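Try each task before you read its solution.

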Amino acid sequence: MSRISLSRFLIEEQRQHGALPPDLRLLIETVARACKAIAHSVNKGALAGVLGEAGTGNVQGEAQKKLDVIANDILLEANEWGGNLGAMASEEMELPHSIPDHMPRGRYLLMFDPLDGSSNIDVNISVGTIFSVLEAPEGNTQPTEQDFLQPGSRQVAAGYAVYGPQNMLVLTFGQGVYGFTLDRELGSWVLTNPRMQVPETTKEFAINMSNMRHWEPPVRRYIDEMLAGSEGPLGKDYNMRWVASMVAEVHRILVRGGVFMYPKDARDPSKPGKLRLMYEGNPMAFIVEQAGGVATNGHQRILDIQPTGLHERVAVFLGSREEVERVTGYHKA
Ligand code: P6P
């Protein structure tokens, strides 16, 4: 089978379906190239002196790893000159980053979590980059934070890179989900997983069980039923995974099914969850839905949520349809 590079795939998609405007194709290729550079740093680890803390904090009040800052800088620098962006927003920055005045601007808004799961970096567990693309309101060349606050259903593209045993890039622009593996010798992303689909059913769930005492009753009920196994109401034994890296969990679910949950919990009632809507919940929900899965906050489709803040948080239940619909149904009971 001839190897199809990301560039060839995107050009053929544009030619065949016209679903990919040239400026969006350029943006995706630019982000993919930035993820190659991030993969290079992550894969070198201690050899490049990039492990450990940066000694700084981000807007979330989290201590930044050196690689959080490196990944953020790589994405900012790579995306400033292309002429297809009005602004960028990142988990690592409080306010949107405007395109410098001397650079051309375009219609897209790019959001990213430059290195998700970074608490895993120093212990060599998979981490990743998540990104989401929106369009700025018509003719707006000075986008503000308000212009980013669009529901996830308005995304025109989303994807993640997972830096693990293989470096992989997974993309959607509304025409299904496609996976590419990085050929390190050639330095190119090669199509290896055309048309990724989330299996409708599963026996595998992912949740941080140490938070159990903080969960709301519908989540307690659902987890208890799965733990009851084949003797319980669900009539089958389940297995559990928790990597503490959303990108790794979502990738596993795209490949073999499963349900990932980070529910709202009682630790901080002011926050509806831990994960961030704009650059974790929305892009992953778009990808999972495009692969035939379901993604809710327990009450509604994540992609229908009207954001009120760039860094607002969201409860996440995503993955195999049967299970996500079940646990979402328990929230209605
Ligand atoms: P906990 C990583 O920090 C992250 O944002 C997600 O990638 C991951 O699923 C979750 O938080 C892990 O959270 O509370 O288990 O450390």
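**Exercise 1.** Classify Trp242 and Tyr262 as buried, partly exposed or exposed.

Solution. Start with the cut-offs: buried means under 20% relative accessible area, exposed over 50%, and partly exposed in between (1.4 Å probe, protein chains only). Trp242 has 26% relative accessibility, so Trp242 is partly exposed. Tyr262 has 8%, so Tyr262 is buried. These values come from a predicted model, where local features need pLDDT of at least 70, side-chain atom pairs count only at pLDDT 80 or more, and totals for chains, interfaces and linings use all residues. Residues are numbered from 1 along each chain as its sequence is written, and side-chain values use heavy atoms, leaving out hydrogens and water.

**Exercise 2.** How many aromatic pairs does a search of the whole structure find? Describe the pair of Phe9 and Phe180.

Solution. Rings of Phe, Tyr and Trp (its six-membered ring) pair if their centres lie within 6.5 Å; planes under 30 degrees apart are stacked, over 60 edge-to-face, the rest tilted. The search finds five pairs. Phe9 and Phe180 have centres 5.4 Å apart and planes at 70°, an edge-to-face pair. Phe9 sits in helix 1 (residues 6-17) and Phe180 in strand 9 (residues 178-183), so the pair ties together parts 171 residues apart in sequence. Here helices (H or I, at least four residues) and strands (E, at least two) are DSSP runs, numbered from the N terminus. Both Phe9 and Phe180 are buried.

**Exercise 3.** Classify the pair of Trp242 and Tyr262.

Solution. The ring centres of Trp242 and Tyr262 are 5.9 Å apart and the planes meet at 50°, so this pair is tilted.
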